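Keep the sequence and the model side by side as you read.

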Amino acid sequence: MANTNLIAYLQEAGFRALRIDHDEKEKAHHSILSHLDYDGKGKLLEIGCGFRALAIRAALTWPEMSVTGIDYWAVVYNYSKALYEKNTAGEGVARQCVFQHGDANKLDFSNGSFETVVSNYVYHNITGADKHELLLETLRVLKKGGVFAFNDDMKPKMYGDMEAFAQKLRNMGLQDVRLIDTAQEVFGSHRRAALMMLGESRMLVGRK
């Protein structure tokens with residue numbers, strides 16, 4: 001039986017529910033990709049790909065890269081793997097992209113499988129999960145030297161002390177670990193982000 005608490009659930013569903021406009025979607029995707037110090041080669045993993053957007057934008061940005069997108073694709077949401085595959089074909093990047101069912105709590109990939117890993121407004125939807133453990137599981141599949149960018153509504157009641165977590169990653173040997181204020185960068189102000197229920201929007205970026 002599908003456990004919807006474990007859904008690695010794409011930003012698109014949240015974007016529709018919160019009426020985030022097209023320009024803000026584009027800004028969010030641009031922000032994530034622009035903060036990656038990445039040459040566009042190798043493999044990228046998107047956690048919670050849903051049916052379009054970030055993975056497609058990445059494939060269009062870096063035509064030499066291969067993209068893997070995972071999602072839970074539960075029936076309670078109005079998107080599917082087939083819809084994503086249709087959208088990638090429509091954008092001309094189907095040859096670069098593969099999509100599969102997956103659980104962000106336990107990724108079905110070996111250690112160090114990807115040169116970069118990204119997610120956008122995903123983990124706050126996974127109820128009952130320790131967000132720091134989710135992020136560490138995501139970083140497990142990142143190659144040494146690989147880069148990451150995780151954008152989410154990092155409310156302290158869900159995420160705890162992210163400044164302390166960022167320091168923990170530095171102590172573990174990760175480099176250039178930063179927390180970026182995407183409430184300001186994407187929405188233009190904290191007030192606008194708060195209206196979208198994303199007032200604690202932040203991005204964790206760095207290199208393994």
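Two strands pair if DSSP finds at least two bridges between them. Helices (H or I, at least four residues) and strands (E, at least two) are DSSP runs, numbered from the N terminus. β1 and β2 pair in the parallel sense over five bridges.

The model is predicted: local features need pLDDT of at least 70, side-chain atom pairs count only at pLDDT 80 or more, and totals for chains, interfaces and linings use all residues. Residues are numbered from 1 along each chain as its sequence is written, and side-chain values use heavy atoms, with hydrogens and water left out.

## Overall make-up

The protein chain has nine helices and seven strands. Buried residues account for 51% of its 208 residues. Buried means under 20% relative accessible area, exposed means over 50%, and partly exposed lies in between (1.4 Å probe, protein chains only). Contact means heavy atoms within 4.5 Å. Among contacts between residues at least 6 apart in sequence, 78% join residues at least 24 apart.

## The sheet

What is the strand order of the sheet? It reads β3-β2-β1-β4-β5-β7-β6, in an open sheet of seven strands with mixed pairing. β3 (97–101) and β6 (175–181) stand at the edges. Each has a single partner strand, so one side of each lacks a neighbour in the sheet. The twist averages 15° from one strand to the next. Axes are lines fitted to C-alpha atoms, for helices over the stretch in contact, and angles run from 0 to 180 degrees between N-to-C directions.

β1 is mostly covered, with four of its five residues buried. Besides its pairing with β2, β1 runs parallel to β4, joined by four bridges. Glu46 stands opposite Gly69 in β2. In β4, the bridge partner of Glu46 is Val118.

β6 pairs with β7 (residues 201–207) in the antiparallel sense over five bridges. Here Ile180 stands opposite Met203 in β7. Helix α7 (residues 162–171) lies across β5 (142–153), β6 and β7, and runs at about 165° to β6.

## Two cores

A nonpolar core is a set of buried Ala, Val, Leu, Ile, Met, Phe, Trp, Tyr and Cys residues joined through side-chain atoms within 4.5 Å. The largest core has 29 residues, of which Leu45, Ile47, Tyr123 and Leu204 touch the most other members. Elements giving two or more residues to this core are β1, β4 (114–120), α5, β5, α7 and β6. The largest share, four residues, comes from α7. A second, separate core holds 23 residues, including Tyr38, Ala58, Val67 and Val205.

## Aromatic pairs

Rings of Phe, Tyr and Trp (its six-membered ring) pair if their centres lie within 6.5 Å; planes under 30 degrees apart count as stacked, over 60 as edge-to-face and the rest as tilted. By this rule there are three aromatic pairs. Two of them are tabulated here.

| Pair | Type | Centre to centre | Between planes |
|---|---|---|---|
| Tyr38 and Trp62 | edge-to-face | 4.8 Å | 85° |
| Phe109 and Phe114 | edge-to-face | 5.0 Å | 90° |

Tyr38 and Trp62 link distant parts of the chain, 24 residues apart. Tyr38 is in the loop between α2 (22–34) and β1 (43–47), and Trp62 in the loop between α3 (54–61) and β2 (66–71). Both Tyr38 and Trp62 are buried.

Phe109 is buried at 16% relative accessible area, and Phe114 is buried at 3%. The charged end of Lys43 sits over the ring of Phe114, 5.5 Å from its centre. That call requires NZ of Lys or CZ of Arg within 6 Å of the ring centre and within 35 degrees of the ring normal.

## Residues to inspect

Is Glu137 buried or exposed? Glu137 counts as buried, because its relative accessibility is 14%. Glu137 is found in helix α5 (residues 131–140). Leaving aside neighbours within four places in sequence, Glu137 is in contact with Ala104, Asn105, Lys106 and Leu107.

Most residues other than glycine have a negative phi. Tyr121 has a positive phi, near 50°. Tyr121 lies in the loop between β4 and α5, and is buried at 3% relative accessibility. Asp176 also has a positive phi, of about 55°. Asp176 lies in strand β6, and counts as exposed at 54% relative accessibility.
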